[in-house]
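Open the model in your viewer and keep the selection panel at hand. This tour goes stop by stop.

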Amino acid sequence: MADMIIKTDPELKDNLGQLAYGIATLKSISEAQPINYKIVIDGEQFNETGVSLTVTNSGSVGVGSLQLHSGISVSDGLLNIILLKDAGVLSLLKAASSTLFGNDVDEVRHWTCKEVEIALPEEQVYLCDDAEARASKLTIKVVPSSLVVAVPLNS
């Protein structure tokens, strides 16, 4: 996912908006290699393999009301961890279906937590608030009520 965002052509984004990320995703699919993640979620360890791991507290994909995964809320005080298992065409179609229709699919794993530790076999590029960085281990924690967010009454 970091590569998709980093490799999105700024001019294309200016002209097409969020659709530019979709085009960059299609370009990145052929390069996606599975990574073995050791993930400790609120003290429970998981060993998972996937091509994309996202930790977020907002599920918005930036297009209308589409969410990365159903049930993500910026106000619940939880992090959401989303793992895309592989980048095959069928898996991507199922993941897109999950985003569009809010259904659960085996190709996408979802957890919620207050703290996550992620260990990677080697240093990887990741994004934090759209800033590129590299690491082989990350610890991410929720700091409840540390950010005030204003939303419309009809949200």
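Are F46 and W111 buried or exposed? Select the two residues: both F46 and W111 are buried. Bear in mind that this is a predicted model.

Stay with these rings. A search of the whole structure finds 1 aromatic pair. The ring centres of F46 and W111 lie 5.4 Å apart with their planes at 55°, so the pair counts as tilted; edge-to-face would need planes over 60 degrees apart. The pair links distant parts of the chain. F46 sits in strand 2 (residues 44-50) and W111 in strand 5, 65 residues apart.

Next, select strand 4, residues 79-84. This strand is mostly covered, with 6 of its 6 residues buried. Colour its side chains by direction. L79, I81 and L83 point one way. N80, I82 and L84 point the other way, and all of these residues are buried.

Show strand 3 (residues 52-56): 5 bridges join it to strand 4, and the two run antiparallel. For one of the contacts, pick V55, whose bridge partner in strand 4 is I81. Then show strand 5 (residues 108-113). Strand 4 and strand 5 are also antiparallel, joined by 6 bridges. Pick N80 here: its bridge partner in strand 5 is T112.

Last stop: the surface. Select V74, L147, V149 and V151. Together they make a nonpolar surface patch of about 390 Å².

Conventions
Residues are numbered from 1 along each chain as its sequence is written. This is a predicted model: local features need pLDDT of at least 70, side-chain atom pairs count only at pLDDT 80 or more; totals for chains, interfaces and linings use all residues. Side-chain values use heavy atoms; hydrogens and water are left out. Patches are made of residues with over 30% relative accessible area and no salt bridge: like charges are joined within 9 Å, nonpolar side chains (Val, Leu, Ile, Met, Phe, Trp, Tyr) within 5 Å. Accessible areas come from the Shrake-Rupley method with a 1.4 Å probe; for residues, only the protein chains shown count as cover. A salt bridge is a side-chain nitrogen of Lys or Arg within 4 Å of a carboxyl oxygen of Asp or Glu. Buried means under 20% relative accessible area, exposed over 50%, partly exposed in between (1.4 Å probe, protein chains only). Helices (H or I, at least four residues) and strands (E, at least two) are DSSP runs, numbered from the N terminus. Two strands pair if DSSP finds at least two bridges between them. Rings of Phe, Tyr and Trp (its six-membered ring) pair if their centres lie within 6.5 Å; planes under 30 degrees apart count as stacked, over 60 as edge-to-face and the rest as tilted.
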